[in-house]
Amino acid sequence: MRPLRLIAAGLVLVAVDFRVETLDLFFDPAGWALVAWGAYRLSLRTPVVPAAVVAAVLSLPESLLRHAWVRVDPTTGAIVPEGQGRDMPQHLVYVEVTGWRLVALALGTAAAGIALALLLAVLASRARAWQAPAAPLVRRLAWVVPPLVSVPPLVGMGVAVAGNDGRYDAVWNGDAEPIALMGLVGMLVVAAVLYREGDVRWAVPTDGDRPSPWASLRRRRHQAAGPEPG
């Protein structure tokens with residue numbers, strides 16, 4: 001797969017959550033690993049690859065959230081105390097994040113924004129150097145999308161710490177959820193642009209300009225044989 005398309009696939013994994021109890025099946029560390037691998041293939045090894053690796057490690061707490069099964073009163077929607085309401089339906093709820101998990105979640109969110117900003121800034125410079133038509137668009141995305149990805153969740157965490165006894169809902173994000181969705185949409189737009197540009201010359205590894213050893217050997221043999229007799 002082309003490097004930009006690897007990166008695009010990784011960003012989709014990071015942006016979209018599909019949780020089955022504790023685990024997010026769209027595993028964020030795997031997404032950042034794809035971003036790092038795609039950047040490595042494009043020779044964007046510093047600072048993009050280290051930033052993506054750090055984001056992968058710090059995204060682990062968000063990918064593995066604690067959960068509980070509770071019984072809910074179908075009339076009022078209230079959670080029934082444990083041991084009561086055995087005939088009532090069970091619902092999966094996620095335990096609000098506190099303490100060191102909340103700190104780790106904040107660090108992971110900040111790392112994601114920084115890694116995305118570095119990635120898009122370097123890609124914009126590369127596209128501009130190749131005079132690619134997509135360069136202005138990538139540059140605008142570099143300014144707009146990383147703040148959308150990182151700032152609203154960080155503000156939500158700050159509000160939670162200040163007014164909710166230090167608890168933060170990492171799944172629904174409370175009233176900040178509509179704003180947080182803007183970051184998700186922004187990452188999907190970036191992924192779509194990078195996927196579209198996957199086959200364009202500026203997005204192909206520079207090693208692609210080098211002939212393979214077998215092609216070089218065939219050329220040398222052809223030159224040594226000289227022109228064919230007419």
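## Rings, charges and a bent helix

By the pairing rule used here, the count comes to one aromatic pair. The rule says that rings of Phe, Tyr and Trp (its six-membered ring) pair if their centres lie within 6.5 Å; planes under 30 degrees apart count as stacked, over 60 as edge-to-face and the rest as tilted. The centres of the Trp37 and Tyr40 rings are 5.7 Å apart and their planes meet at 15 degrees, so this pair is stacked. A pair of aromatic rings is described by the distance of the centres and the angle of the planes.

A word on the background: this is a predicted model, in which local features need pLDDT of at least 70 and side-chain atom pairs count only at pLDDT 80 or more, while totals for chains, interfaces and linings use all residues. Residues are numbered from 1 along each chain as its sequence is written, and side-chain values use heavy atoms, with hydrogens and water left out.

**Around the ring pair**

Where do Trp37 and Tyr40 lie? Both are in helix α2 (residues 28-41), three residues apart, about one turn of the helix. Helices here are DSSP runs (H or I, at least four residues), numbered from the N terminus. Trp37 is partly exposed, with a relative accessible area of 46%, and Tyr40 is partly exposed too, at 38%. For these words, buried means under 20% relative accessible area, exposed over 50%, and partly exposed in between (1.4 Å probe, protein chains only).

A charge sits over a ring if NZ of Lys or CZ of Arg is within 6 Å of the ring centre and within 35 degrees of the ring normal. Arg5 lies over the face of Tyr195 in this way, at 4.4 Å from the ring centre.

**Salt bridges**

How many salt bridges does the structure hold? There are three, where a salt bridge is a side-chain nitrogen of Lys or Arg within 4 Å of a carboxyl oxygen of Asp or Glu.

| Arg2 | Asp199 | 3.2 Å |

Arg2, Arg5 and Asp199 are linked in a network of salt bridges. The bridge between Arg2 and Asp199 links distant parts of the chain: Arg2 is in the segment before α1 (3-15), and Asp199 is in the loop between α7 (177-196) and α8 (213-225), 197 residues away.

Arg5, at 19% relative accessibility, counts as buried, and Glu197 is buried at 8%.

At Ala142, α6 bends by about 30 degrees, and a proline, Pro146, follows within four residues. The bend is the angle between axes fitted to the seven residues ending at a residue and the seven starting there. After α6 comes Asp165, whose phi is positive, near 55 degrees.

Finally, look at Arg126 in helix α5 (residues 99-129). Arg126 is buried, with a relative accessible area of 12%, and its side chain reaches the backbone oxygen of Trp202 at 2.6 Å.

Key
Helix = DSSP H or I, 4+ residues; strand = E, 2+ residues; numbered from the N terminus. Polar contact = N/O pair within 3.5 Å; in protein donor to acceptor, adjacent residues only side chain to side chain.
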